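Please open the structure in the viewer and keep the selection panel at hand.

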Amino acid sequence: MADKNLTVEIVTPERMVFSEPAEMVVVPGVEGYLGILPLHAPIVSGLEIGVLKVVNGGKEAKIAISGGFMEVSNDRVVVIADTAEQGNEIDVLRAKSAQERAEQRLNNRTADIDAARAETSLRRAVARLRAAGQD
Ligand code: ATP
């Protein structure tokens, strides 16, 4: 196994969320989960709401992201996400109440609810709970 590593940077418009070396990254791409190893060909991909996994030294960090873009070039993985939180930064109660609120909206649909918005909110909450190890 080559001792080459990736450098992973995850940023949002608000802050740098994560910046560390890694052996592998798995990202929620728009066409499904995508694994990135060192020496990967350069790519740019849109990202979905989901959990991004960073594997390093036998450990796996989970980061919830809510869409954005990833660029891979020269073993550098740069993710620009709308929002991103590391598992240990996630307020589990807040995510659970966001999940319940979205589920209630979807279960009691009235003409004026925005179902697409409630579904997106539900997916963000579920991704946060998974990243926080609550699944
Ligand atoms: P909520 O309904 O709980 O406010 P939301 O989906 O409306 O969630 P977002 O618009 O996705 O919130 O995010 C707004 C900001 O709050 C972002 O900076 C995001 O990182 C942060 N955030 C949202 N939910 C959580 C959470 N459960 N734990 C930690 N940070 C969170």
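Begin with the two domains: domain 1 (6–87) and domain 2 (90–131) each give at least three residues to the shell around the ligand, the domain bounds coming from an automatic or database domain assignment. This is a predicted model, in which local features need pLDDT of at least 70, side-chain atom pairs count only at pLDDT 80 or more, and totals for chains, interfaces and linings use all residues. Residues are numbered from 1 along each chain as its sequence is written, and side-chain values use heavy atoms, with hydrogens and water left out.

Next, select the shell itself: E14, T83, E85, E89, I90, D91, R94, A95, A98, R101, R124 and R128. Colouring by class shows eight charged, three nonpolar and one polar residue; Asp, Glu, Lys and Arg count as charged, Ala, Val, Leu, Ile, Met, Phe, Trp, Tyr, Cys and Pro as nonpolar, and the others, Gly among them, as polar.

Now display the polar contacts (pairs of N or O atoms within 3.5 Å). In the side chain of E85, an N or O atom is 2.5 Å from a ligand oxygen. For R101, a polar side-chain atom lies 2.6 Å from an oxygen atom of the ligand, and for E14 the corresponding distance is 3.2 Å.

Finally, select helix 1 (92–107) and helix 2 (115–131), the elements that give two or more residues to the shell; helices are DSSP runs (H or I, at least four residues), numbered from the N terminus. Helix 1 supplies the largest share, four residues.

Terms used: A residue is near a molecule or strand if one of its heavy atoms lies within 4 Å of it. A polar contact is a pair of N or O atoms within 3.5 Å; within protein, one must be able to donate a hydrogen and the other to accept it, and residues adjacent in sequence count only if both atoms are side-chain atoms.
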